[in-house]
Amino acid sequence: MSDFTIDKATQHFAELIKSQLARVDRMKSGQDWVEYSLLKPIIIGFCWGDGIGPIISQETERVLQVILADEIKSNKVQFRTIEGLTIENRAKHLKAIPDNVLEELKACHVILKAPTTTPEKGGPYPNIESANVAMRRELDLFANVRPVKVPKEGIDWVFFRENTEGEYVLGSKGLMVSDDAAFDFKIITRQGSERIIRMAFDYAKKNSIGNVTVVTKANVVKTTDGLFLEVAGQVAKEYPGISWEGWYIDIMTAKLIDPKRRTQFRVLVMPNLYGDILTDEAAEIQGGVGTAGSANIGKRYAMFEAIHGSAPRMIEEGRGKYADPCSLIKAAGMMLNHIGFVEKANKLEKALEICTQFEKKLEITGRDTGVTGREFCDYILETVQSPDIEKKYRSYLG
Ligand code: IPM
Ligand code: MG
């Protein structure tokens, strides 16, 4: 390989180091958490996305309109639709998030986001960065919190996935140094690890959960994952009542399907890519990726989304109306909880569990063998508004 190529690659790497060290400085300078109870109105931005996105967004908005009827009337809460986070518009501007859309997002306090198409190399769209990844980075949404619950099997997991580092943050900055050799870059920082690990321990403490599981591949990916694990050990010392254990990602994925062992995991924290993979597996155990919600939390902003993609195949095959809105509705519940409507959030969560795991009066299958998303949403609304929802829920728990 010519010296020129190596010089160019070295230069590229130098730029990455500089930008990442600047990010570390920003993290060090800190910022206070936003206090939602002081805001009037709290502005909720809706991004309707691509594929099945607009269909499941419509249903989710319908649920929120009912649950937040009083707050909308008194202007405690305001909904705002953000156009432009579609693959067509993003491709037109050749940007993961076009500038004016980013401005609109920043004018909201929290965002509810339907799935957006993530282009890949060789696909029909220009290979721009994922809108999710860009939004998580631009709004510094460092914690991806993904709960998965199957009460009748004793499963109650909360995953804390680091959301702004790992392979992701530099995922569009890789380098083909020759026709034959491709490099990508992974970054893990002390500050980035500390803030997510601390959040997991704080959650455990607040909910009286006695153990935290830290997932890495530090035996092989020694430097980056090694740092994550080292920071975990340091943070853990500040929580004497909570024990912690390091697990490797390979055996962790295996143990999630071991019915005896898996119920002992409660709070799990991990770098970005492992969290991506593990949470899809966990969601599948809960009943499919269509059933899980995801909170992307930062100090200033927060974004809530379904954990699945835009399912273009469902649209191509004319099955859009059978798309499952539960994942986005669940995300909406997490949003309600985050902005301070804890009771409403609990009620919605219970209604979702009743409809999808216990009573199951209707079934959604993604095709005409089950009901449509609209019909299922009506069922959720009927359940959430029913005066004896608490009684019903308790009776299922036995
Ligand atoms: C998720 C998704 C995203 C991710 C994609 C769409 C970029 O899979 O939220 O888990 O990998 O983070
Ligand atoms: Mg994923």
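Visitor: Which residue in the hairpin of β4 and β5 takes a positive phi?

Guide: This is a predicted model. Strand β4 covers residues 143–150, and β5 covers residues 155–162. Four residues lie between the two strands of the hairpin, and the one with a positive phi, near 75°, is G154.

Visitor: How many bridges join β4 to β5?

Guide: The two strands run antiparallel. Within the pairing, P147 stands opposite V158 of β5. The number of bridges joining β4 to β5 is eight.

Visitor: Which residue of β11 stands opposite V145?

Guide: Strand β4 is also joined to β11 (residues 293–297), by three bridges and in antiparallel fashion. In β11, the residue opposite V145 is A295.

Visitor: How many of the eight residues of β4 are buried?

Guide: Buried means under 20% relative accessible area. Strand β4 is mostly covered, and its count of buried residues is six.

Visitor: Why does I17 count as partly exposed?

Guide: I17 is found in helix α1, residues 3–29. With F13 and L21 it makes a nonpolar surface patch of about 280 Å². I17 counts as partly exposed because its relative accessibility is 38%.

Visitor: What distance does helix α2 reach from its first C-alpha to its last?

Guide: Helix α2 spans residues 53–67, which is 15 residues. Its buried residues include G53 and I67, as well as I56, V63 and L64.

Technical notes: Residues numbered from 1 in each chain as written. Chains lettered and ligands numbered in written order. Predicted model: local features only at pLDDT ≥ 70, side-chain atom pairs only at ≥ 80, totals over all residues. Heavy atoms only, no water. Expected span 1.5 Å × (residues − 1). Buried < 20%, exposed > 50% of the residue type's maximum accessible area, 1.4 Å probe, protein only. Patch = residues over 30% accessible without salt bridge, like charges linked within 9 Å, V, L, I, M, F, W, Y side chains within 5 Å. Areas by Shrake-Rupley, 256 points an atom, 1.4 Å probe, with all protein chains shown as cover. Salt bridge = Lys/Arg side-chain N within 4 Å of Asp/Glu carboxyl O. Pairing = 2+ DSSP bridges.
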